[in-house]
Amino acid sequence: MFYRQAGDFKTSYRGDIQTFPLKQDRIGYYLVLAIAFLVVPFLLNDYWVSAVILPFLIFAIAALGLNILTGYCGQVSLGTGGFMAVGAYACYKLMTAFPEMNMFVVVLGSGIVTAAVGLLFGIPSLRIKGFYLAVATLAAQFFLVWLFNKVPWFYNYSASGQINAPERLMMGFAITGPNASPAARYLFCLVILVALAVVARNLTRGRVGRSWMAIRDMDIAAEIIGVNPLKTKLSAFAVSSFFVGVAGALFFSVYLGAVEVTEAFGINQSFLVLFMIIIGGLGSIFGSFAGAAFLVLMPVLLKNIMVGGLGWPTDIAAHIEFIIVGGLIVLFLIAEPHGLAQLWRIAKEKLLLWPFPH
Amino acid sequence: MSPQFLFTIEVIANGLMAGVMYSLVALGFVLIFKASGIFNYAQGVMALFAAMTLVGIQNGQVPFSHLINAVFGTNIHHFGWNLPAIVAILITLVVMVLFAILVERLILKHLVNQEPIILFMATIGLAYFMEGFGDLMWGSEIKILDVGIPSGGSLWLEEKTIGWAAEGSNYYGMYIDKLDMIATVVAILLVISLTLFSQYTKTGRALRAVADDHQAALSVGISLRKIWVIVWTIAGFVALVAGVMWGAKSGVQFSLSLIALKALPVLILGGFTSIPGAIIGGLIIGVGEKLFEFTIGPLIGGATENWFAYVLALVFLVFRPQGLFGDKIIERV
């Protein structure tokens, strides 16, 4: 069976503009979803969930969020770590203030709080752009982390200054706290990720997404043809921060369980997410997933090869990881500025013609 | 004079000194930005790398010794010599020139005509690469850099100022680090020589031509690639100076590369294209954050130095996006 367009006729406009126009793609998509929901939960063990899968799911959400802001709307942000911290602390405050609240509501609520904070820090984007804006978002990063360190109200006056996620149940299964099973944590994050990915996909190909892209491609021209920069930029900041906030909430409550803000949400986190979308592909939903998967898997793989396989000390492995990540960033920017997503697109185009390319 | 007033003066003086240190890093940024329009995020890591190389060469460390030991099971660490500081500095300079050539060959050449933000992200990648590379080459432990710069408080100044306070008050004189004073002198010399270089030499004139207009410079026969190598070499030299000063102050360690982040608000205040702007921006940030920490810091829990510079820059940006001395930003469709 070949990968072909032939025979897949579209009879409606809806059919023509759907996300996966090829039948094989659609089948593949539903297959991946089915495996992710029905098969993977039974194969999980603790190591895989905490080392690979949960970070992947959560960083994919964060990367989706940053991709909306940077990839689609063209506003570079180095404040992702700070906004994730907002999500985490909002989640903690909501969890402790309303113990009965459903976890989905808590996570969405933290997203909304983060969106509000993101709006606030997005206001300078109306006057400044490019790396000037990057510096402005750095202000958000450092200020927010400092705030969560210094104001005891945020961590409920706990002596250690840490925040700890209390246990919360969802349909009888613990999803946070020490008793949560790997499968329950995995499914909780997966549901949120899939829902947000669908939202992101539909936002970016609709009216809102097109105005974002117009601003990205040339903001002055976009303004002249009637795109309102105020609404567009701020909506990008709000939506992006919402995603990042949800990621931060999950990162704290489901993944880590206990968080110290400077360590978990420092500037390195911001760079990591930025690298994910550069390597994955700016302005691509698939790219956010690919980039997150790549940067989560690669360190694990390198560590297993160099520390586990060759017996080198861990610090050398860490240095080599830095070299590889840095080198890859430069390589991708030079050779394939659209990242892994573009490689995937090219592979599909080639595959459509294979094995008769002429 | 009341001790409170003298304390304030001391805070301002120390802020000025800290500002000079920021300016040293910011200078490297401005040089590269003017000549190639690239915002070089790697400047801080270059300073770290230069300082590490200097220490490594001075102490006769074997490069990549950790890696070699891990791969071949050997146990080598040092060549067993100690070079005088001046020789080590010269060798480090050669390394920085090599580095500039490599950056031009491997990265910049391929990114001509890309958007500034792409170039910015490329330098972030470069920064990560260099961080790993430097650590792999020289080891990641904190090193002590000693090239014979005196440090510690200046007794002379303390004795001089102790008499200024009113009789019987609990005042011990001003504390200003000798190292900071030397850094100030070095920074002034650096700025003067850079200005002379760019105003009165042929290469300097070519640099300014490139900064004004790439295409026009190309059309009168200036080699863009050669200029870029020269600019990155000068930036490497400035990075070395900054690395030596910061390294002597707080040891050669990872946090040194973070001063690049501190230099960003300095640049925003001073403007990306102005050398005096970098200096004055650095001084404003240095004094501002010290004064803020001194006056308002205790009220809101201290450690405000982490973010004050960025928030100041943020507020500033809203009113004057091109900085104090920057060129006016004109945009066309």
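Author: Angles of 65 to 115 degrees between axes count as roughly perpendicular. The model discussed here is predicted.

Reader: How are α7(B) and α8(B) oriented to each other?

Author: Helix α7 (residues 178-200) of chain B packs against helix α8 (residues 202-212) of chain B with the axes 5 Å apart. The angle of this packing is about 85°. Since 65 to 115 degrees is the range for this class, α7(B) and α8(B) are therefore roughly perpendicular to each other.

Reader: Which residues of α8(B) make the contact with α7(B)?

Author: The residues of this contact divide into 3 nonpolar, 3 polar and 1 charged. From α7(B) come B:Phe197, B:Ser198, B:Gln199 and B:Tyr200. The residues from α8(B) are B:Gly204, B:Leu207 and B:Arg208.

Reader: How many helices and how many strands are there in chain B?

Author: Read along the sequence, the pattern of chain B is α-α-α-α-α-α-α-α-α-α-α-α-α. The count for chain B is accordingly 13 helices and 0 strands.

Reader: What radius of gyration does chain B have, and what does the globule rule give for 333 residues?

Author: The C-alpha trace of chain B spans about 70 × 60 × 40 Å along its principal axes. Chain B is as compact as a globular protein of its length, because its radius of gyration is close to the value from the globule rule.

Reader: What percentage of contacts in chain B between residues at least 6 apart in sequence join residues at least 24 apart?

Author: Of the 333 residues of chain B, 43% count as buried. Among the contacts between residues at least 6 apart in sequence, those joining residues at least 24 apart make up 75%.

Reader: Which helix gives the largest share of the side of chain A that touches chain B?

Author: The contact takes 38 residues from chain A and 41 residues from chain B. On the side of chain A, α6 (131-150), α9 (219-224), α12 (267-280) and α14 (314-335) each supply at least two residues. By class, this side has 30 nonpolar, 4 polar and 4 charged residues. Its largest share, 14 residues, comes from α14(A).

Key. Residues numbered from 1 in each chain as written. Chains lettered and ligands numbered in written order. Predicted model: local features only at pLDDT ≥ 70, side-chain atom pairs only at ≥ 80, totals over all residues. Contact = placed C-beta atoms within 7 Å. Helix = DSSP H or I, 4+ residues; strand = E, 2+ residues; numbered from the N terminus. Nonpolar A, V, L, I, M, F, W, Y, C, P; charged D, E, K, R; others polar. Axes fitted to C-alpha atoms, helices over the stretch in contact; angles between N-to-C directions. Parallel < 35°, antiparallel > 145°, perpendicular 65-115°, else oblique. Rg over C-alpha atoms; globule rule 2.2 N^0.38 Å. Buried ≥ 20, exposed ≤ 12 C-beta atoms within 10 Å, placed from the backbone.
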